[in-house]
Amino acid sequence: MAMIKLAGVEKTLGGQPVLCGVDLTIPAGKLTTIIGGSGEGKSVLLKHIIGLLQPDRGEVWVDGIEISRLRGKALNEVRKRFAMLFQGAALFDSLTVFENVAFPLREKLRLPETEVVGRVEEKLAQVGLAGMGHKYPAELSGGMKKRAGLARALVMEPEIILFDEPTTGLDPLMAKTIHDLIVAMHRAFGFTAVMVSHEIPEIFSISDWVAMLKDGKIVAMAPSADFQRTTDPAVLEFIAVGGMVTLKP
Amino acid sequence: MDERVAVSRVLTAFVERLGRATLFLIREMGRMLIFMLSTFAWLARPPLRPFQILKQLHFIGYKSTFVVVLTAAFTGMVLGLQIYYTLRKFGSEAVLGSVVALSMIRELGPVLAALMVTARAGSAMTAEIGIMRITEQIDALDTMAVNPLQYLIAPKFVAGLIGVPLLVAIFDVVGIYGGYLVGVDLLGANPGSYWSSIESAVEWKDVYGGILKSISFGLIVSWVCCYKGYNTRMSAEGLGTATTEAVVLSSVLILIWDYFLTSVLL
Ligand SMILES: Nc1ncnc2c1ncn2[C@@H]1O[C@H](COP(=O)(O)OP(=O)(O)O)[C@@H](O)[C@H]1O
Ligand SMILES: [Mg+2]
């Protein structure tokens with residue numbers, strides 16, 4: 001069953017066409033990874049799914065609701081089912097790591113404070129940030145910010161989580177830890193996951209589906225095992241070079 | 001023939017550019033107005049965030065105190081010098097206090113304090129919100145179904161509305177003492193008449209006008225500076241441009257609005 005469906009999504013940003021007719025179906029309860037070169041519009045694509053950007057043309061469906069024309073309260077209702085890890089983590093500078101992770105629990109779920117503390121401590125420990133709760137984001141390294149952002153996304157245990165490059169900038173060991181954590185959480189809670197990642201070939205073993213964004217379109221989408229056997233030359237080239245060096249001219 | 005075509009082309013281009021600039025200006029003004037109105041609408045909705053408001057009040061108010069006191073002292077002192085010098089020509093040094101106090105309360109206190117708050121707290125506000133925009137913290141608020149206008153902007157509006165009038169009050173008092181210091185202690189005007197002329201000349205109407213001015217200036221500072229930060233463009237220069245524009249626009253609006261209010265209040 002499809003949880004998220006994009007149909008003919010077009011978006012021009014700053015005079016540049018970024019998405020040129022994206023058709024994409026994300027199955028419910030599965031982990032779908034989107035690959036593609038830098039600047040291809042992967043982050044822009046994720047922002048359309050959670051309604052931070054509205055398409056110039058086309059439709060975005062989330063669980064049977066067309067969200068691209070929604071505003072205000074109706075959009076917030078849909079967003080309550082989401083969490084997102086931003087590419088740059090997007091931690092609030094004025095709050096400590098603990099307060100950052102607690103933020104959605106306090107603001108969105110309005111949990112009692114004792115439960116907030118328990119859940120935040122647990123998540124911080126899982127991402128390897130136990131005892132770092134009192135620090136401010138400015139005092140963290142890039143990788144630690146990423147993990148704090150991940151903790152903030154996971155702590156709500158929502159139905160859909162969007163991960164924008166969760167492991168970029170981490171050392172291989174930490175990247176594996178994060179992948180394992182995402183997979184474990186995914187098994188435990190069965191949320192629908194959409195991940196943008198460059199970690200080839202690791203993503204093939206952890207994803208259920210893989211899609212590739214190129215020139216503003218989804219050029220390939222297949223179950224992870226089949227995706228590796230593709231014969232599409234553009235996809236093959238991207239996989240061969242490890243995904244990191246394909247840049248738009 | 002060719003010449004006429006060329007001239008008409010230049011004229012068309014000019015009119016086009018003028019039209020585009022006018023349209024842009026009108027659209028920008030509309031956006032700013034909507035920004036302010038929606039912030040007030042969000043302010044009226046629960047939850048009220050007293051802690052956020054206090055934090056902003058501390059930032060806009062308390063942290064601007066030093067620079068406001070410094071500016072006020074020197075403004076008062078230079079007024080003491082200048083006005084004493086002028087009044088002595090007419091032998092009316094006795095009204096020194098009232099002239100200093102009226103200039104402070106009616107005009108210089110609100111305007112200079114607001115300009116100092118713009119320079120110190122306003123620019124920092126634009127930069128803070130602009131960085132939150134660029135690093136997607138504002139998007140993150142949105143994804144957590146927390147309205148950024150309510151969480152981020154509304155407390156700054158309240159802090160501006162409360163903080164600036166309080167700073168203006170401090171400015172007025174320090175300025176009047178600054179005038180006393182120079183006029184009386186240094187130049188030898190009569191201390192008794194300095195105070196009594198203030199008592200007899202300053203009316204409730206003057207104070208009321210000053211308060212009205214400082215409240216509206218407080219709104220202008222937080223409104224303009226928040227708007228510019230909130231709409232920072234996603235580029236390296238974006239933040240610098242936003243901060244500069246915020247300070248310039250806020251200062252200019254303060255001066256224009258000051259003239260308008262003065263002409264209405266008089
Ligand atoms: N808010 C924006 N305004 C203007 N251009 C943008 C904006 N966001 C993204 N872009 C442009 O869209 C393109 C795709 O960006 P992005 O989605 O971040 O790429 P990536 O695939 O690396 O995540 C880039 O060329 C970027 O400059
Ligand atoms: Mg990206």
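Helices (H or I, at least four residues) and strands (E, at least two) are DSSP runs, numbered from the N terminus. The model is predicted, with local features needing pLDDT of at least 70 and side-chain atom pairs counting only at pLDDT 80 or more, while totals for chains, interfaces and linings use all residues. Residues are numbered from 1 along each chain as its sequence is written, chains are lettered from A and ligands numbered from 1 in the order in which they are written, and side-chain values use heavy atoms, with hydrogens and water left out.

Two packed helices are described by the angle between their axes and the distance between the axes. Axes are lines fitted to C-alpha atoms, for helices over the stretch in contact, and angles run from 0 to 180 degrees between N-to-C directions. In chain A, helix H3 (residues 97-109) packs against helix H5 (residues 142-154) at an angle of about 25°, with the axes 7 Å apart. H3(A) is therefore roughly parallel to H5(A); angles under 35 degrees count as roughly parallel, over 145 as roughly antiparallel, 65 to 115 as roughly perpendicular and the rest as oblique. H3(A) passes H5(A) in a right-handed crossing (left-handed if the near helix is turned anticlockwise from the far one by less than a right angle, right-handed if clockwise). Contact, meaning heavy atoms within 4.5 Å, joins Val97(A), Asn100(A), Val101(A) and Pro104(A) of H3(A) to Ala148(A), Ala151(A) and Arg152(A) of H5(A). These residues divide into five nonpolar, one polar and one charged (Ala, Val, Leu, Ile, Met, Phe, Trp, Tyr, Cys and Pro count as nonpolar, Asp, Glu, Lys and Arg as charged, and the others, Gly among them, as polar).

H3(A) also meets helix H4 (residues 113-126) of chain A, where the axes come within 9 Å and cross at roughly 135°. This angle makes H3(A) oblique to H4(A), and the crossing is right-handed. Residues in contact include Phe98(A) and Leu105(A) of H3(A), and Val116(A) and Leu124(A) of H4(A). By class, the contact of H3(A) with H4(A) has 10 nonpolar, no polar and four charged residues.

In chain B, helix H3 (residues 65-89) and helix H6 (residues 148-186) pack at an angle of about 40°, with their axes 7 Å apart. H3(B) is therefore oblique to H6(B), in a right-handed crossing. Among the residues making this contact are Gly76(B) and Gly80(B) of H3(B), and Gly175(B) and Gly179(B) of H6(B). The contact of H3(B) with H6(B) has 13 nonpolar, nine polar and no charged residues.

Between the chains, 16 residues of chain B are in contact with 20 residues of chain A. The buried area (the accessible area, with a 1.4 Å probe, that two parts lose on being put together, summed over both) is about 1600 Å², of which carbon and sulfur atoms give 60%. Four salt bridges (a side-chain nitrogen of Lys or Arg within 4 Å of a carboxyl oxygen of Asp or Glu) are counted between chain B and chain A. In one salt bridge, the side chains of Asp142(B) and Arg79(A) meet at 3.5 Å, N to O.

Most residues other than glycine have a negative phi, and most peptide bonds are trans. The bond from Ile200(A) to Pro201(A) is cis, with omega near 10°; Pro201(A) lies in the loop between strand E8 (192-196) and helix H7 (202-206) of chain A. The bond from Pro46(B) to Pro47(B) is also cis, with omega near 0°, and Pro47(B) is in the loop between helix H1 (2-43) and helix H2 (50-60) of chain B. Ala89(A), in the loop between strand E6 (82-85) and H3 of chain A, has a positive phi, near 75°.
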